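The following paragraphs guide the reader from the contacts between two chains to individual side chains. Please keep the sequence and the model in view while reading.

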Protein chains: 2
Amino acid sequence: MSASISLQSDVSVGYLGPPGTFSHQASMKRFGDSLAYVPYPKIEDVIAAAAKEEITYGVVPIENSTFGAVVQTLDAFVDQPRVRIRAEVYLPVTQSLLSRYQLSAIRKVYSHPQAFGQSRQWLDQNLPNASRIEVSSTAKAAELAAAETYTAAVSSEVCAAMYHLDVVAKDITSAKDNTTRFFVLGQSSDLPTGDDKSLLMFTVDHRLPGALCSALDVFAKYKINQTAINSRPSRQRQWHYMFFVEIVGHELDDNVARALEDIKSYCLDLVVLGSYPRQSY
Amino acid sequence: MSASISLQSDVSVGYLGPPGTFSHQASMKRFGDSLAYVPYPKIEDVIAAAAKEEITYGVVPIENSTFGAVVQTLDAFVDQPRVRIRAEVYLPVTQSLLSRYQLSAIRKVYSHPQAFGQSRQWLDQNLPNASRIEVSSTAKAAELAAAETYTAAVSSEVCAAMYHLDVVAKDITSAKDNTTRFFVLGQSSDLPTGDDKSLLMFTVDHRLPGALCSALDVFAKYKINQTAINSRPSRQRQWHYMFFVEIVGHELDDNVARALEDIKSYCLDLVVLGSYPRQSY
C-alpha cells in the first residue's frame, strides 16, 4: 500500500479536521508529509468521502484504549457499507489542558466528547465548576480557546504550538498508556499478508432466538479468534442491533471464507468492512 | 417488589438529577409519588449510593433505542460490582428544543451527550451554527437555558413547565419511537418469575485465544438466548475488555446456573449484576 502511494502524485488523505487533530497526526504518521491532506468537519464526512472516492484514503478513529469504541465511526459504517478498511494505525494520545489563562481563571473548557471522557477524572478534581463544551475535535477546541477569554481546551501539545496556547497542565488523561486506534479507509482491501484482521458488520433475524449465538459459534467451529465485539442500534427497528465483530484472519483466507459462507444462515446484511494487516501497538 | 415498597415509609429512590430528568420520570413511573426521591449529580453517584445502601433503590439509564448503550452506566458497574439490578423500566423519550427565544436568536444549546446524539440530525439542519454544550442531564440543560440569554436546551417537555421555557420545536429526535431503558438497582435481586433476564459482566484471559468465543458458546450449549452484548475497556490493560452480556433467564434457573458454572473456565471476574423480570416495551 505505501509503496504504490509514493509513486502517485495525486493521492489525497481525508481526516477529521481542523489541522492538528489526532486524526491528522495519525495520518501523518502513516503517510508522511508529501501528500495532499484534506480536513473534513465530521467523521461521517470523511467516511462518505472515502466511499465516494472523493479522496484516496480517509483516516478515522475507531477506538480509544481508555474510553472505548468511537460510536460515530461505527454508526457511519452503517450508512456507508461500501467503504473498505485498508490498514490500522495506533497513536499514543496525550491530552493536555491548553489555555492563555492560569487554571484558577478558567471558566469554560472546550473539547471533543472522547477527550472529555479520557480526562474526566482530572477535570472533576481540578476544574469542577468550569462548564464543558463539546465540539467536533480537540483541534477545534484549541482554536476556540485561542479566540475566547477565560477558556481552555483539552487538546494535544501539537495544538498548543499551532494555536499559540500555553500547556497549563500536561497529560491529564486518567490512563497513562492512552492510545487511539485509527482505520485507514479506501475503496478496496489489500491481499492477505498471513497476519491480518477483518471487521464484519451484520444484524441477526430478530425472529430467530439464538441467532447471534449461532453466528458467533461459526467462528469457534473454524477456530477463528474474535478480537473485539460491539453492538449499535440498527436503526431498522427498536432494540435491534448492528453487530461489529473483528476477527483474526483475512476474508480471502480459507477458513474465514468458509466461515463467512456458513454465517450467512444466521446473519442478515453481512458486510466485510475490510481485511488489513495486524499492527503491533 | 412494589408490594413490599408500599408498606415501607423509609424507602428512598436515587436518580440522576436535577428534578425533571428522564431518570426522574422513569423513577416516578415505577414507584409513584409517595416515596422520598434523592437527586444525584452523576450516574456513578447513583450506582455508588445504591451499592452502599445510602438509598433503597437507584434508577439509571442503560440504553437508548436510537443512540445505544449508556457507557457511563456500564463503566460504573465495573467500579461497583456488588450493586444488583432489580428491575427494568422502559420510558418513551421525546426531546424538544426549549428556550425563551425564537429559533433564529439561539446561539448556544445545552444538553446531555445522549440527547445531542438523539437529535443530532435536527440540530445540524436547524441550528448548524449554534455551539453545543455538554452538561450532566437534560434537566440541567433546561435550568441553564432558563438563566442565560440566547440559549436553548434539548430537553423534555416536562422541563419546559418546570423551568418556565417555551417549546420552540417539539420532538426533534431522529427516531420517532425513541425509548430509553432504565435499571432499578438495589442490593439484591428478586426470585425467578419464569420470564426473567440477567446481566453478566466478565473479562476473558487475554492469554487464551478464543476465550470469548468459548464463553459465548456455553450459552448456545444450554440454549440460553443473548439479548444484548457490549464491551468496554477493562482498565486492567490496554485493548482488554469487560464484556456485558444480557441473557434470557434468571441466575437461579437450572440451565443458567449450570451455564454460569461452566463459563467460569473461560471467564475471569464473572459477576452476575442481577436477574430481573422481563418487561414489555
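**Charged pairs and the interface**

B:Asp124 forms a salt bridge with A:Lys42, and their closest N and O atoms are 3.2 Å apart. A salt bridge here is a side-chain nitrogen of Lys or Arg within 4 Å of a carboxyl oxygen of Asp or Glu. This is a predicted model, in which local features need pLDDT of at least 70 and side-chain atom pairs count only at pLDDT 80 or more, while totals for chains, interfaces and linings use all residues. Residues are numbered from 1 along each chain as its sequence is written, chains are lettered from A and ligands numbered from 1 in the order in which they are written, and side-chain values use heavy atoms, with hydrogens and water left out.

Between chain A and chain B there are 2 salt bridges. A:Asp124 and B:Lys42 also meet through their side chains in a salt bridge, at 3.1 Å from N to O. This pair crosses between chains, from helix α5 of chain A to the loop between β2 (36-40) and α3 (43-51) of chain B. Helices (H or I, at least four residues) and strands (E, at least two) are DSSP runs, numbered from the N terminus. A:Asp124 is partly exposed, because its relative accessibility is 28%, and B:Lys42 is partly exposed at 29%. The terms are defined by relative accessible area: buried means under 20%, exposed over 50%, and partly exposed in between (1.4 Å probe, protein chains only).

How many residues of each chain are in contact across the interface? In chain A there are 44, and they are in contact with 43 residues of chain B, where contact means heavy atoms within 4.5 Å. The two chains bury about 3,600 Å² between them, 54% of it on carbon and sulfur atoms. Buried area is the accessible area (1.4 Å probe) that two parts lose on being put together, summed over both. A:Glu134, A:Gln238 and A:Trp239 supply 20% of the area that chain A buries against chain B, more than any other three residues.

**Helix α5 of chain A**

Helix α5 of chain A covers residues 113-126, and its 14 residues reach 18 Å from the first C-alpha to the last, close to the 20 Å expected at 1.5 Å a residue. The expected span is 1.5 Å times one less than the number of residues. The helix bends by about 70° at A:Ser119; the bend is the angle between axes fitted to the seven residues ending there and the seven starting there. Among the buried residues of α5(A) are A:Phe116, A:Ser119, A:Trp122 and A:Leu123.

**Links within chain A**

The side chains of A:Asp75 and A:Arg232 meet in a salt bridge at 2.9 Å, N to O. A:Asp75 lies in helix α4 (residues 71-79) and A:Arg232 in strand β13, so the pair ties together parts of chain A that are 157 residues apart in sequence. A:Asp75 counts as buried at 15% relative accessibility, as does A:Arg232 at 4%.

A:Gln187 is placed in the loop between β11 (179-186) and β12 (196-204) of chain A. Is this residue buried or exposed, or in between? A:Gln187 counts as partly exposed, because its relative accessibility is 30%. Leaving aside neighbours within four places in sequence, A:Gln187 is in contact with residues including A:Ala50, A:Glu53 and A:Arg84. A polar atom of the A:Gln187 side chain lies 2.5 Å from the backbone oxygen of A:Ala50.

Terms used: A polar contact is a pair of N or O atoms within 3.5 Å; within protein, one must be able to donate a hydrogen and the other to accept it, and residues adjacent in sequence count only if both atoms are side-chain atoms.
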